[in-house]
Amino acid sequence: MAELDFPGGRWSARWLWPHRSTDWDHETRRRNAAFRTSFDLHEVPPVVPARLAVVGRATWYVNGHEVGRGPVRVNPRRMRWDDADIAPFLRPGRNEIAVLATADVDATALSMPLPDSVDLRTGALVFEVHLGDGRVVASDGTWFGTILPGWSATPSFSLLQPVTI
């Protein structure tokens, strides 16, 4: 894989979560969410860098192919992100990105939560794809998402609603 090159400075993506709430499932103290967006390409560039950060952990897919899982457990005050070249998963025409994210209210073997005072504690995702020529697909209000009430198979994407920022 070629070295991924992201522009310096701030991300152009926005932090998302389908529902900001404190009504955690007290049995698991876990919040699962599914996200989706789509975009069109005339041709696939040779390298397409993408990066994802999530409060908790996530599995992300491009056109039905699993791209990655993570990020690794870290101190939430020093957020890390995962990146990948997604060009091998893209095709000319319509492309889909899907993310299954999990946020835990308590520390687990896989996740360390943010402090109580942080607004993103109940879950947050940020995602960015650089298609070249300044074109960016970034998490924003055009993405769809839903809270998954319990751990089960991902629901039909027809159940997803627009995400409020």
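## Aromatic pairs

Rings of Phe, Tyr and Trp (its six-membered ring) count as a pair if their centres lie within 6.5 Å, with planes under 30 degrees apart called stacked, over 60 edge-to-face and the rest tilted. In this predicted model, local features need pLDDT of at least 70 and side-chain atom pairs count only at pLDDT 80 or more, while totals for chains, interfaces and linings use all residues. Residues are numbered from 1 along each chain as its sequence is written, and side-chain values use heavy atoms, leaving out hydrogens and water.

The pairing rule gives four aromatic pairs. Let's start with W11 and W81: their ring centres are 5.7 Å apart and their planes stand at 80°, so this pair is edge-to-face.

## Around W81

W81 is partly exposed at 43% relative accessible area, and W11 is partly exposed too, at 22%. Here buried means under 20%, exposed over 50% and partly exposed in between (1.4 Å probe, protein chains only).

W81 also has a charged neighbour: the charged end of R51 sits over its ring, 6.0 Å from the centre. That label requires NZ of Lys or CZ of Arg within 6 Å of the ring centre and within 35 degrees of the ring normal.

## Around W143

Which residues form one aromatic cluster? They are W60, F127 and W143. W143 is buried, with a relative accessible area of 1%. Between W143 and F35 the C-alpha to C-alpha distance is 6.9 Å, although 108 residues separate them in sequence.
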